[in-house]
Amino acid sequence: MKKILLFVFLILGVVVFLQWQSGLGIGSRVAFCEPFIVKTMNLQGKKVSVERIRESVLLKMEQERIQEEFLDSCIAKMTMDQKLSQLMILTNEKDITEQNLRQLQPGGIIFFGVDFKGKTKEMVSQRVNTLQSFMKYPLLVGVDEEGGDVSRVSGLLDNGIPVFECARELGNKKDWNAVKEETVTKAELLQLMGINVNFDPVADVVTERMAYMYMRSAGGDAGVVSQYVKTVTETMEEENIISCLKHFPGYGNNGNTHRSYIQDARSLDSFKQVDFLPFEAGLQAGADMVMVSHLVMSAVDKERPASLSSKVHEYLRNEFQFDGVVIADDLNMQAVLSQMTLEEASGAAFAAGNDMIFSADFPASLKGAKKALAEGRITEEQIDHSVKRVLRMKMKHNLITMD
């Protein structure tokens, strides 16, 4: 029955969208769809009340309308500084202050190994609760908990902290039940500490052992990586942890953008046949966010890192039909800083189409974003649209409610 209803809603979505242009009201649009519903039910060989479907669709549409109006009202109450701050995830301890959180309402923070080392789960949880108490719109509290060498929680003092395997080891085993179990264990541990975002899974396909992302990638076969990404993403969704596919358009066998500016000369067909497949699998599984790397994707834009390229962002939005949150990889890397300052990069990242950035220097990031706004490289409408995406994601994961 669930599959039938999903199929019906898919048809309704297409038809309602087309009819929207004619100016019909909600009731009229659903009435227009009824023959399609009946036909679909007949094709499925099932008898389902059209009135029941009609009521469900009307209720869903009304709920969405109310939610969108609520989000619009939240945005209308924000100052411009607060809107821009909502689009930033703070990475620097010096910026994570009560004053900044209360006055500017940043979108989130990210924890690193130092935030767990020598602490207990309870200590981390208490810190998160304190920080959240300063917020009107709860923080995204994130971490890179991939497993293997990228395991931030490994420094916790508590007994019995699990040792998470790296993606390569899990991909080699092809035991998807084990991947699911490990993802559930991660999610439960993070939630105990108030962490609601894991910047995972890695969706990169990497074949060369000496490549920078080799151990962090689930494999060199796009099918294996796709299944890994699908399993992790679906499980994170079930566990109510926000997921983030990285690093679009696919890191491949390239070097380390933390250290250098890297040009990727692969053809667009190469990306389509290999690198894009895990991202497609992750998005179909319900991924909340996509992180864009600093590689120069020459097939789309030869001049700018993907994270700062409007052409790459347009490609991501249009080709993948993704309307979720897009975030640039940390701008505090040499692939970016060898070309411009952090302030300039912040404005460039928003101008390219990112909804969010990681901020290693909150004042500089705000200054760069406001300069881009003043110069017309970004508009208030674009900012509002990005803020709405962020708030909508928070609402989806029960961080924001209408109560």
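Which residue takes a positive phi just after helix 15? In this predicted model, the answer is N398, with a phi of about 65°. Let's walk back from there and look at a few other parts of the chain.

**Helix 15**

Helix 15 covers residues 380-396, which makes 17 residues. From its first C-alpha to its last, the helix reaches 24 Å, close to the 24 Å expected at 1.5 Å a residue.

Strand 2 has a parallel partner in strand 1 and another in strand 3:

| Strands paired | Sense | Bridges | A bridge pair |
|---|---|---|---|
| Strand 1 (residues 88-90) and strand 2 | parallel | two | I89 and G108 |
| Strand 2 and strand 3 (residues 140-143) | parallel | four | I110 and G142 |

Strand 1, helix 5 (residues 98-104) and strand 2 form a right-handed β-α-β unit. Strand 2, helix 6 (residues 121-132) and strand 3 form a right-handed β-α-β unit as well.

**T231 in helix 9**

Now find T231 in helix 9, which spans residues 222-238. T231 counts as buried because its relative accessibility is 9%, under the 20% cut-off. Its side chain reaches the backbone oxygen of Q227 at 2.8 Å. Beyond its neighbours within four places in sequence, T231 is in contact with W176, V179 and K180.

Methods
Residues numbered from 1 in each chain as written. Predicted model: local features only at pLDDT ≥ 70, side-chain atom pairs only at ≥ 80, totals over all residues. Heavy atoms only, no water. Expected span 1.5 Å × (residues − 1). Buried < 20%, exposed > 50% of the residue type's maximum accessible area, 1.4 Å probe, protein only. Polar contact = N/O pair within 3.5 Å; in protein donor to acceptor, adjacent residues only side chain to side chain. Contact = heavy atoms within 4.5 Å. Pairing = 2+ DSSP bridges. Right-handed = clockwise from strand over helix to strand, strands pointing away.
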